[in-house]
Amino acid sequence: MEPFAGKRVVVTGAGRDFGRAVAVWLAREGAQVDLCARGEAAARRTGADIARYGGSARAYGCDLGDAAAIRAFAAALTADPAPLDILVLSAAPWLEGGLDDGADDAAIAAALAAGLTGQILLTRALLPALRRSAAPDIVAMVSVCGRPGFTASAAHPAFYAAKHGLSGFCEILGARLRPEGFRIIAAYPPDFTTPDPPGPPPGRDRRRAGPDRRGRVGEPPPRPAATPPLHPLRPPLRRPDAGGVRRG
Ligand SMILES: NC(=O)c1ccc[n+]([C@@H]2O[C@H](COP(=O)([O-])OP(=O)(O)OC[C@H]3O[C@@H](n4cnc5c(N)ncnc54)[C@H](OP(=O)(O)O)[C@@H]3O)[C@@H](O)[C@H]2O)c1
């Protein structure tokens, strides 16, 4: 089963780290990937890597702290009438420290703007395209910082606030969109590192990294030894009752 083949996917924060790994991996799985990074050059680099692996991607620049940039990104995406199957909200600015040290007003406002408001604006703008999918998924990279009672991270309180807000957003979206067949997946990981480039998903025979059955050239550059595996995304569920929020 190749659950992502032919799916249309949007990935934010795809210029580096987790968002980039997910974009590359999904493209290698046969998805059509529309990706964005804050800087267009970084997005284009990921897009070029995907093309080198034989995948299909379109790359855009989008600062999630800028509502006009989000509107422009969404307009570019929705100019293609194809349904959007999966939205991966990975981008978020990291901020650390205490409330009264380090980060100034602008940094705090930016953490909330891109880490929360931008996620909501982008999701809203893409909702019509997601509604055209037979099995729409919204995947939000929250954080353990978004879990009630968790206080152990060095993250700034504004980062905690953004992640709690994103968690609440996912919760209500899950409740309201579930009857339409949406699945809202909120991930609450602790600290992790992302190998670059991503290896094949766990359980996949690594020998398949070469040219594959679909004729895509899937030869990734060598992966460093002893790096943790890419956190897998669940394949979309088929059940009509597959909605709601997943925590963890
Ligand atoms: N890594 C972890 O330990 C960890 C743990 C829990 C949750 N998470 C969450 O998982 C997601 C991915 O993690 P990660 O490790 O890939 O994070 P990361 O290394 O901190 O990368 C953050 C990503 O967000 C992008 N970004 C930041 N501000 C942006 C803005 N204003 N507009 C658009 N993009 C912006 C960055 O782009 P630039 O390259 O332009 O900066 C980068 O692609 C994030 O939401 C993060 O909060 C991560």
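**Note on the predicted model**

1. Ala187 lies in strand β6. The model is a predicted one. Ala187 is buried, because 21 other C-beta atoms lie within 10 Å and 20 or more is the mark for that class. Not counting residues up to four places away in sequence, Ala187 touches Ala140, Met141 and Val142. Take Val142 from that set. Ala187 and Val142 are 45 residues apart in sequence, yet their C-alpha atoms are 5.4 Å apart in space.

2. Now the overall layout. The protein chain holds five helices and seven strands. Read from the N terminus, the elements run β-α-β-α-β-α-β-α-β-α-β-β. The protein chain has 248 residues, and 41% of them are buried. Contacts across the sequence deserve a look too. Take those between residues at least 6 apart in sequence: 71% join residues at least 24 apart.

3. Next, the ligand. How many residues surround the ligand? The count is 25, and the closest are Asp17, Phe18, Arg38, Ala92 and Ala114.

4. Asp17 sits in helix α1 and is among the residues closest to the ligand. Most residues other than glycine have a negative phi. Asp17 is not a glycine, but its phi is positive, at about 55°. Is Asp17 buried, exposed or partly exposed? Asp17 counts as partly exposed, because it has 16 C-beta neighbours inside 10 Å.

5. Phe18 is another of the residues closest to the ligand. The C-alpha atoms of Phe18 and Thr193 are separated by 8.0 Å, although the two are 175 residues apart along the chain. Where is Thr193? Thr193 is in the loop between β6 (183-187) and β7 (245-246). Thr193 is exposed, since 9 other C-beta atoms lie within 10 Å.

6. Turn to helix α4, residues 105-131, where Gly118 has its place. Why does Gly118 count as buried? Because 26 other C-beta atoms lie within 10 Å, and the cut-off for a buried residue is 20 or more. Leaving aside neighbours within four places in sequence, Gly118 is in contact with Leu64, Gly65, Ile70 and Ala113. Ile70 is 48 residues from Gly118 along the chain, with 7.3 Å between their C-alpha atoms.

7. Ala109 is also found in helix α4. Ala109 counts as partly exposed, because 14 C-beta neighbours lie inside 10 Å. Ala109 and Ala158 are 49 residues apart in sequence. Their C-alpha atoms are 8.3 Å apart in space.

8. Ala158 belongs to the buried residues of helix α5. Helix α5 covers residues 157-177, which is 21 residues. From first C-alpha to last, α5 reaches 30 Å, close to the 30 Å expected at 1.5 Å a residue.

9. Last, the packing of these two helices. Two packed helices are described by the angle between their axes and the distance between the axes. For α4 and α5, the angle is about 10° and the axes are 9 Å apart. That makes α4 roughly parallel to α5, because angles under 35 degrees count as roughly parallel. On the α4 side, the contact is made by Ile108, Ala111, Leu112, Gly115, Leu116, Gln119 and Ile120. On the α5 side, it is made by Ala158, Phe159, Ala161, Ala162, Gly165, Leu166 and Phe169.

Technical notes. Residues are numbered from 1 along each chain as its sequence is written. This is a predicted model: local features need pLDDT of at least 70, side-chain atom pairs count only at pLDDT 80 or more; totals for chains, interfaces and linings use all residues. A residue is near a molecule or strand if its C-beta atom, placed from the backbone, lies within 6 Å of it. Helices (H or I, at least four residues) and strands (E, at least two) are DSSP runs, numbered from the N terminus. A residue is buried if 20 or more other C-beta atoms lie within 10 Å of its own, exposed if 12 or fewer, and partly exposed in between; C-beta atoms are placed from the backbone. Two residues are in contact if their C-beta atoms, placed from the backbone, lie within 7 Å. The expected span of a helix is 1.5 Å times one less than its number of residues. Axes are lines fitted to C-alpha atoms, for helices over the stretch in contact, and angles run from 0 to 180 degrees between N-to-C directions. Angles under 35 degrees count as roughly parallel, over 145 as roughly antiparallel, 65 to 115 as roughly perpendicular and the rest as oblique.
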